[in-house]
Amino acid sequence: MNIRLLGDSALLVELPDFKVAQALRHEICASAWQGILELVPGYNSLLIETDPLKLDVERLATRIQKFATGSLFLPVPNEHEFAVRYDGPDLQAVAEVTGLTIAEVIGRHSASTYTVAFLGFAPGFPYLVGLDPALQVARLKTPRTRVPAGAVAIADQFAGIYPQATPGGWRLLGSTAAKLFDASRDTPALLAPGDRVRFRAMP
């Protein structure tokens, strides 16, 4: 673990992997430390934003170092299943690049159980780990100017779902009707780090 000070109000804790980042985030939340404003997990890091009038970040860094030497536990994850219509514009190209049939691409993509490593890129966009190695293909050389909301995609070692229409360079395999981000909800993002995700192919 490596801890870096970011000014007088934030720490970046660099960790072995996303599981440790999620576990540390969970433990800090459960401890309800005063002065912490936001915890932002990354793939192998945790950004801790604080109120400098209530919490000294150098003391917090020492506290985190001692805290993280103990056993960290993750809560039981929430599970989600999304019905997917596999009709994406990149489905054929992914099959050709991987040497699989379209049916095999769909079968491998929907057979995996994914974990939300972190949210990023756009509000509510989940970076999902657990993608079958046979489907790990590069992003598009030229990103699309608009990817529709609900697009189910893959890129490199990740799978993902576009919460709203945005530009993007991931390979689009299909779409889901699930609403991943809604600012009117108490918790706008449907998914959270640590959640489990499965995809079910629609007939």
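View 1. W170 is buried, at a relative accessible area of 4%; buried stands for under 20%, exposed for over 50% and partly exposed for in between (1.4 Å probe, protein chains only). This is a predicted model, where local features need pLDDT of at least 70 and side-chain atom pairs count only at pLDDT 80 or more, while totals for chains, interfaces and linings use all residues. Residues are numbered from 1 along each chain as its sequence is written, and side-chain values use heavy atoms, leaving out hydrogens and water. Y127 is buried too, with a relative accessible area of 12%.

View 2. F125 sits in the loop between β6 and β7 and Y162 in the loop between β10 and β11 (166-168), so the pair ties together parts 37 residues apart in sequence; strands are DSSP runs (E, at least two residues), numbered from the N terminus. Both F125 and Y162 are buried.

**View 3. Y127 with W170, and the ring cluster.** Y127 and W170 also pair edge-to-face, at 5.5 Å centre to centre and 75° between the planes. Ring pairs link a cluster whose members include F18, Y43, F125, Y127, Y162 and W170.

**View 4. D156 in its loop.** D156 lies between β9 (151-155) and β10 (158-161), with phi near 55°, a positive value in a residue other than glycine.

Note on methods: Helix = DSSP H or I, 4+ residues; strand = E, 2+ residues; numbered from the N terminus. Phe/Tyr/Trp six-rings, centres within 6.5 Å; stacked < 30°, edge-to-face > 60°.
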